[in-house]
Amino acid sequence: MEETSLRCEHFPDGECIEVQKEEDGTLIELLDCQNGFSEERTEFVAPAVGMEFESYDDAYSYYMCYAKEVGFCVRVKNSWFKRNSREKYGAVLCCSSQGFKRIKDFNHARKETRTGCPAMIRMRLVDSQRWRILEVTLEHNHMLGSKLCKSVKKMGTGTKIRSLPGSDAEGQTIKLYRALVIDAGGNGNSNSIAKEDRTFSESSNKLNLKKGDAQAIYNFLCRMQLTNPNFFYLMDFNEEGHLRNAFWVDARSRAACGYFSDVIYFDNTYLSNKYEIPLVAFVGINHHGQSVLLGCGLLAGETAESYIWLFRAWVTCMSGCYPQTIITDMCKALQSAIVEVFPRSRLCFGLSLIMKKVPEKLGGLRNYDAIRKALIKAVYETLKVIEFEAAWGFMIQRFGVSDHEWLRSLYEERVHWAPVYLKDAFFAGMSAARPGESLGPFFDRYVHKQTPLKEFLDKYELALHKKHKEESIADIESRSSSPLLKTRCSFELQLSRMYSREIFMKFQYEVEEMYSCFGTTQLHVDGPVIIFLVKERVLSEGNRRDIKDFEVLYSRSAGEVRCICSCFNFYGYLCRHALCVLNFNGVEEIPSKYILQRWKKDYKRLYVPDHSSGGVDATGRIQWCNQLFRSALQVVEEGIISLDHYNVALQAFQESLSKVHDVELRQE
């Protein structure tokens with residue numbers, strides 16, 4: 001039997017995957033129900049949302065065959081017919097144990113067999129004159145058996161039924177339209193205990209899926225493709241046809257990339273820490289400072305090959321978009337993949353990820369507490385490279401840890417994680433350059449060490465819905481209310497009218513802290529550039545206030561102001577020291593170059609992202625689709641704020657469609 005596998009992203013409308021019967025009585029994708037499993041056959045494809053069939057009889061026969069394979073009986077719960085023609089247009093097929101008998105129908109001589117089982121499929125005749133499955137519940141609440149049920153034998157009395165597989169009708173074909181078929185048995189024998197556990201070796205060449213995982217992926221992609229316009233996915237298969245890597249992006253995440261892909265945190269926490277699910281995620285930060293998902297993947301292992309495939313898939317989806325900054329953990333394979341796929345991006349290692357490893361890596365040392373304090377001081381309190389080098393050298397010499405492998409590797413890679421070396425990189429608040437700040441996993445509350453893949457895929461949309469709701473609430477609050485001003489500073493008033501609520505509050509804190517700064521003095525003049533010294537009382541150990549000096553460069557002619565603390569590059573707004581220098585020089589408004597569009601409360605209203613390179617391609621229909629979808633999504637997100645918004649948005653879409661039809665009429 002010839003093996004088939006799918007390796008592409010979308011199925012064009014009308015394209016189908018045929019599941020045909022072979023001469024030996026087996027099916028290419030659907031298993032012969034009567035003969036059980038064989039070594040060459042795949043697991044029976046369970047029903048999923050999006051499957052389509054040529055007729056009701058085909059759909060009915062398919063569900064009967066599935067029921068027989070699983071071990072339950074089927075009955076028709078509901079049917080819907082058109083009034084005039086009595087043509088059937090809808091039906092619900094359920095497990096025979098569904099529901100409970102009514103009291104008046106209860107027969108004490110016969111044992112009650114119904115358990116209220118939820119297993120069912122709901123299907124409907126669609127415009128294409130095919131029967132499409134719209135709702136599926138696979139779980140049963142009772143024991144399943146292998147006996148042949150009467151309902152399977154009878155096969156729908158009173159209707160014209162095609163024979164089941166294994167009958168004389170050898171030419172029967174069941175067509176599953178727009179359905180991704182994954183070899184559910186191709187990743188190892190699910191009955192083998194040894195293969196139940198995932199392995200993440202460096203030479204991993206396939207995803208080690210547990211029983212049911214392949215079906216879960218299949219159901220998830222079918223559901224998302226059917227219900228989520230502009231959903232994108234790619235699958236990577238090895239030479240034997242086994243699933244190796246997977247990547248997907250939902251519609252809103254694709255749109256978010258157009259706004260917030262300047263800085264990306266590539267989260268491989270679940271993969272590197274050997275979680276049950278080998279999940280990786282692309283995470284950005286939106287105009288409210290909230291994390292936003294920009295893509296997901298499942299990887300066979302932490303290999304450069306897998307990472308390169310994933311990054312190229314992401315670039316393909318994002319029409320060639322390249323981030324300014326990519327934040328990752330310290331992984332050699334990951335580092336080499338980023339250098340190859342994103343050569344123009346700044347590679348940085350997450351500082352908070354490194355500091356979280358300090359207890360694990362250094363906890364066994366004799367002077368651990370003192371070493372940790374010295375490390376924190378070198379990392380967070382130094383402002384110049386020479387200061388960092390001196391503090392690091394002091395720590396190494398004093399505690400005699402020059403031979404410590406982890407500290408040595410840290411020092412060798414210091415240009416990728418130490419704040420003093422990253423002042424020219426833009427982080428948009430994701431640098432975690434201050435003590436206590438951290439980069440948390442996007443699915444932190446939804447994935448734990450033992451979370452199975454199926455459970456995560458079920459919770460995926462729930463997690464995204466909650467994030468989208470948080471963003472919508474923040475949008476409404478930012479637009480409908482004015483923040484309370486705490487000072488008389490003109491800078492505070494200026495940005496209160498522009499920035500989203502959360503970002504403004506962070507900037508407002510810098511304005512308040514201007515009053516902890518004093519003694520702004522001019523140090524040096526170098527042509528149009530003046531160097532100022534700003535003193536600040538900073539809180540140190542024991543609630544003691546120490547005085548710390550900050551150098552600030554200022555050029556009135558160029559409208560530039562840069563502080564040695566590099567707050568603007570790390571967080572996207574000016575620091576208290578820079579504000580003091582502007583105020584000292586009589587500047588009443590923050591220069592426009594320091595007011596970022598990405599923080600504005602109306603950013604997604606005013607800015608339409610366009611990742612096209614070199615203008616619109618006259619023949620690029622995919623590019624047209626992506627650009628139109630991004631623009632339409634803005635109207636959709638505004639249209640769901642209230643009923644009035646919805647009515648206006650719907651009317652606008654109808655008017656736009658009418659105008660597009662007018663173009664076609666004029667061409668005729």
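**Entry 1**

I started at L93 and found it opposite I121 in strand 5. This is a predicted model, where local features need pLDDT of at least 70, side-chain atom pairs count only at pLDDT 80 or more, and totals for chains, interfaces and linings use all residues. Residues are numbered from 1 along each chain as its sequence is written, and side-chain values use heavy atoms, with hydrogens and water left out.

Next I looked up the pairing of strand 4 (residues 88-95) with strand 5 (residues 120-125), and it is antiparallel over five bridges. I take helices (H or I, at least four residues) and strands (E, at least two) as DSSP runs, numbered from the N terminus. Two strands pair if DSSP finds at least two bridges between them.

I then read off the open sheet of five strands, whose order is 2-6-5-4-3 with antiparallel pairing. At its edges I noted strand 2 (52-53) and strand 3 (74-81), each of which pairs on one side only. Helix 1 (residues 56-70) packs on this sheet and touches strand 2, strand 3, strand 4, strand 5 and strand 6 (131-137). The direction of helix 1 makes about 5 degrees with that of strand 4. Contact here means heavy atoms within 4.5 Å. Axes are lines fitted to C-alpha atoms, for helices over the stretch in contact, and angles run from 0 to 180 degrees between N-to-C directions.

I moved on to an open sheet of four strands, ordered 15-16-17-18 and paired antiparallel. Strand 15 (517-526) and strand 18 (560-563) are at the edges with a single partner strand each, so one side of each has no neighbour in the sheet. On average, neighbouring strands here are turned by 25 degrees against each other, direction ignored.

I checked strand 17 (residues 545-555) against strand 18 and found four bridges in the antiparallel sense. For V552, the bridge partner in strand 18 is C563. Helix 17 (residues 576-584) packs on the sheet, touching strand 15, strand 16 (529-539), strand 17 and strand 18. I noted about 130 degrees between the directions of helix 17 and strand 16.

**Entry 1: a helix pair**

Last, I looked at helix 3 (residues 213-227) and helix 13 (residues 453-480), whose axes come within 9 Å and cross at roughly 15 degrees. The two helices are therefore roughly parallel to each other (angles under 35 degrees count as such). Among the contact residues I listed F220 and R223 in helix 3, and Y460 and E461 in helix 13.

Conventions. Angles under 35 degrees count as roughly parallel, over 145 as roughly antiparallel, 65 to 115 as roughly perpendicular and the rest as oblique.
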